[in-house]
Amino acid sequence: MSIVTSGHHADEHHHSAPPAGFKRWLYTTNHKDIGTMYLLFALAMFFIGGAMAMVIRAELFQPGLQLVDPNFFNQMTTVHGLIMVFGAVMPAFTGLANWLIPMMIGAPDMALPRMNNWSFWILPFAFSILLMSLFMEGGGPAFGWTFYAPLSTTYSNDSTALFVFSVHIMGISSIMGAINVIVTIFNMRAPGMKWMKMPLFVWTWLITAFLLIAVMPVLAGVVTMVLTDKYFGTSFFDAAGGGDPVLFQHIFWFFGHPEVYIMILPAFGIISSIVPTFARKPLFGYASMVYATSSIALLSFLVWAHHMFTTGMPVFAELFFMYCTMLIAVPTGVKVFNWVATMWRGAMTFEIPMMFAIAFIVLFTIGGFSGLMLAITPADFQYHDTYFVVAHFHYVLVTGAVFSIIAAAYYWLPKWTGYMYNETLARWHFWCSLISVNVLFFPMHFVGLAGMPRRIPDYALQFADFNALISIGGFAFGLSQLLFLLVVYKCVQGGEKASAQVWEGAEGLEWQLSSPPPYHSFTTPPEVK
Amino acid sequence: MASTNHRPLLIRLLFSVIVMFGFGFALVPLYDVFCEITGINGKTRNEVAGIERAVPDKQRTITVQFLARPDKGMPWVFEPEVTRLEVHPGQISLVHYQAQNPTGSAMVAQAVPSVSPGTAALYFNKMECFCFNQQRLDGGAALAMPLQFYVDPALPADIELITLAYTLYDVTQRDPIQPVTQTE
Amino acid sequence: MTDTMFYRGLLLTLPGVGQVFGAEMPLNMTQGVTEISQQVYDLHMTIFYICCVIGLVVFGAMFWSIIHHRKAKGVQPAQFHESTRVELLWTAIPVVILIGMAIPATKTLLAMEDTTKADVTILITGSQWKWHYKYLEYPVEFYSLLATPAKQISNKLPKTENYLLEVDRPLVIPTGKKVRFLTTSDDVIHSWWVPAFAVKKDANPGFINESWAKVEQPGIYRGQCAELCGKDHGFMPVVVVAKTPEQFDSWIAEQAEQQAKAKAAEQAIAALQMSMDEAMSLGQQVYQGYCAACHQPSGEGLKGVFPALKGSKMSIEPAGRQAHIDIVLNGKAGTAMQAFGKQLGLKELAAVITYERNAWGNSTGDLVQAADIQAAKNGQKE
C-alpha cells in the first residue's frame, strides 16, 4: 500500500501555543496530549500493580506466612489484577489509540475532543478511590479481580462499595473512549483512506471499540447487582432469595471473556505494524488479518463458560463451550502464520521494537498453547484454579499485551519525542525482561500441574523450590522495568535526533509527519493514493 | 474539510451502550428461562405440576434420594422422613420432611430445592411442595411438611437416580417471596 | 523474617538443596489412581505433544527466517503479500487437527459425567474454612479441618512432611466401588479437588453438584480447596483415604458406633457440672482451636472484620449471656460466624463461652454448664 501526503506539511496551521504548566494538561483536548497522559498514567499504574505483585512474590518466596496475613494477601492479588487490567493495559492501549489513530488515518484529532479529556481525567479519580479502599477498616477488596458472589456480596466488608463505584467510573471511561474511537474512524478518515487501506492497528482498535461498547455495560450491570445484593436486599446471587451464585459467573464472564480479547486485539495491531517495517516487506494477508480479527471478536461472545467448567454444567453445555473455545485457536493461529509469512524472505533487522515483537510472537503463542490445553474440558478439571491458569494468562497478558505496548513505545517514541531512545539501555531492558519474565512465569506451568492452587498465600512443601525460583524471576522482572522507566525519561529529555521517517521500512501517514509532529497535524487532510 | 456531523453515529452508539446495559440485566430472567427449559442448574420448576402426565410406567424404577440441610445459622431441625424411595415414573408419591423450631420465638423458613443431575430437575414434577411457600413455626413447634410428586415418564433413559436436596433458610427478616399458585 | 530464615530460604533456591528440606515436586500432572484420571492424563499429554509439534514447525520456520532472511546478509526483501490458497490451507489444517483433539476429549468428558450406578454416596459441604462429610448410606458424618499446627505456619516450628495437606479426620472411601460425591456449601463458593481422582467440583451454596470416582488402589490422596473462599482458602485441604471394602466396612461400623455412643454421652454430659478451673482450661483449648483464628488469641478480633470479645458488651454484661450462647450455637447468618452448635460438644461449648466471658479481664464470674447449652439448643430461654 503506498501513501503520499499532500504538498503542505502539517505545520501550516498555527494555533497559539498550548498553555504552559498544569492547566495545559488539565484542560487539553489534544489527542497527542491525552495520549501522553494515558500512557504515563498506565506506566505509573504498571509500577503500582507491579509493587503489589512484588508483595505477593515476597510472601510466596518461602512456605509459611512471613510478611503479610492471608486477608491482606488476598487484597494484594485482587487489587494487582484490577490495576493491571483496568489501570495499566487498557489505558496504555487507549493512549496508543489516541496518539496514533488520528495520525494514521489523516485526521486532525479525535472526533470528540472534550469527551476525550473527561475519559482520561476520571481515571486517576477512579483509581484513587480503589487504592484508598485498601486503607479502610478490614482492608480493601479481597475477593479476586473476578469478585464472585457471594464472597463479594454477603462475605465482604464495606470496601466493596468503593470497589463498585470505582469500577463504574473505569467502565464509563472505557465506553467513552470506545465511542470516540469508532466515531473518529468512521467519520474522519482522510479522502482515499478506504476501509481496506487502513493500517491494521486502526482495524484492531475499531473492532476492540465495538467489543468495549458491547461488554463494558454488562460489567456495569453485574457490578451494580453485587451492590444491590449487598446493600439493597436483592437476591440475584443468593439461593435463599431465589437467586443463583452461578448466575454471577455467567454474567461476569459474558463481559470477562470479550474483555481479554479487548486486551489483546490492539496488541495484534501493534505487531502487525512493527514486523513489516523491520522485515521491509508488506504485511502478509492484510485482508485475512482483518477477517481473522473480526472472527476472534465474534467468537469471543460464545466461549464465556470455559471459565466455569467446574461449576456443575450439564454435558451438552460443557461440550458446546469446549468446541467454541477450541475454534478460536484457528483465527489466532492464522494471525501468527501471517506474521511469520511477513518475515519470510524479508530483509530483517533487529532493532528493539522488532526484538519485542518477535518475543511477543513466540511467547504469546506459548500462552496460546496453554490456552488450548485449558479448553479441553476434562483436562481443565485438573488445571482450573491452579497456577497453570496463572501461567497461561500471564503469558498472554505480560509477554503478550505488555510486551506489545513496550514494543509500541520503542517504535513510536522517536516519532512522539523527536529523539531516539538510548540503544544500550534499551537492549539491557529487552534481555533482562525476556529472561526474567520466563523465569517468572514458565515454572508456574509446572507448579500448577503438580497441584498448587491459585490465590493462596502459603503452600505445601513440594512447591517450595519452584516458588522460590518464580519469586526471584519476579523481583528481577520488576527491577528490569526500572530500566524502561529510565529509557522513557531520558528519551523525553533528549538524545539523537529522529528523522520523520525514523525507521527505513516504516509505512503509514504518521511517518510523513515530522518527529515530533506538530501539536495540530493534518489540519488539512493529506492525499492518500 | 467540511466538518462531519458526528451526532447520528454518536446517538446510535450511546443507544447501543444503553441496550447492552439492559441486556446485562435481561440476562437474569433469561438465565432463569434457559434453566427452566434445560434444567442446567438443577432448579426444579417453581410451579405446581398438573396431573395429566402422571401415568405410571411400571417397566422402569427410579430411586429418589432425599436430603435436607438447614442453612448455617438456621437452628431448625430439618430431616426427611425417608432418605430413599423407589418409584415408577408417573407414579404419584407423598413424602414428608420434618421441621422443628427449637428456639423460643416464631420464625419463618424458606426451603430451596436443588436436584442432581441437573437435567433431571425438569422431570421432577411437584404437585404439592413445602418449598412453594414460606413456612412459619412458633417457638418450640414442629411440623411434618408434605412433598407430593411424580417423576415424569419422559425422564431420559440414562437417569436412574435423582437426588433432591433442600436447603432451609431463615427468612424471618426478609420480604416474603410470592407463594406459588396452581397452574391451569 | 529472621536472618537465618532468609539465608535458609536463599539456600533452598539452589538446585538439589530443596530435596533435603522438602519433597521433590513432579513436573507433570499426576496420572492418578482412577481410570478417569489416567484418561485425563493421556488427553493432557496428547494435546501437549500436538502443541509441541505445531510450535516446532512455526517457531522453526520463524527462526530459520530470522537467521537467513536478514538484511545483514545482503538479501533483497521479497514483495509477496497475500495468497488465498495458503490462507485456506492454514485455516483448514488447524480445524482438522482440532477435530482430532475434540474426539478423545468428548469421549473422556462423557465418561466423567456419568454418575449412574454409584455404590456409595457422600454429601460434601464446604464452609469457611473446612469440609464436612456425611455418608448417605451410613449414620456417619464429621467435620474435616486442617491439622497443621499454627506454629508451623507462623514459622515457630519446623514444617512436617504433609504441611498444609493434612486433616484431623480424612474422608474414607472403599476401593473398587463407584463413590458418588455431592458437593454443596454453607456459605461462599468452595471447590472440592483431589488431583489423584481428577475430580474437581465447585461447592455452590444452596445447590448440589455431582461427581464420582472409582479408586482401584488403597492409599492416601490429598487435594485442596480450588475456589477463592476468603482468608483461609489455602488452609482447607482435602484428604481421602481409600481402604479395601473389608477395611472400609469395619471402619464405617466403628465410626457409626462411636458417633452413636458420643450422642448418648452428650445426654450424660448434659447432667455433669464443671468447675470454673476445668471450664477455663478446656475453654482456652477450644478457643485456640476454633475461635482464635478470627477473634485472635488476645480476644481483640480484627477491626472491621471480626468483632472483639475482649471487653465487648455481649461478653461482659449479664444481659448478654443468652445472646452469647445463641450466637456461638447458631452462628450469625450473613457473616463468617459459624454455628458451632453443630461442631462442638455441649461440654466444649459451655467451656469456651465460660472462657470468653472471663478471660482477658472480662471477669464476669459466669460459669456456663453443658446443661445450659442443652437447654438453649432445645429452645428454652434461661
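Predicted model: local features only at pLDDT ≥ 70, side-chain atom pairs only at ≥ 80, totals over all residues.
Contact here (heavy atoms within 4.5 Å) links six residues of domain 2 of chain C with eight of domain 3 of chain C. Between them the two domains bury about 590 Å², 57% of it on carbon and sulfur atoms; buried area is the accessible area (1.4 Å probe) lost on putting two parts together, summed over both. On the domain 2 side, C:Gln128, C:Tyr143 and C:Lys231 supply 55% of the area buried against domain 3 of chain C.

Turning to chains A and C, 102 residues of chain A are in contact with 106 of chain C. Chain A and chain C bury about 8700 Å² between them, 71% of it on carbon and sulfur atoms. In chain A, the residues losing the most area to chain C are A:Tyr155, A:Gln382 and A:Leu461, together 8% of what that side buries. Two salt bridges turn up between chain A and chain C. A:Glu504 and C:Lys71 pair through their side chains in a salt bridge, at 3.0 Å from N to O.

Residues are numbered from 1 along each chain as its sequence is written, and chains are lettered from A and ligands numbered from 1 in the order in which they are written. Local features need pLDDT of at least 70 and side-chain atom pairs count only at pLDDT 80 or more, while totals for chains, interfaces and linings use all residues, and side-chain values use heavy atoms, with hydrogens and water left out.

Technical notes: Salt bridge = Lys/Arg side-chain N within 4 Å of Asp/Glu carboxyl O.
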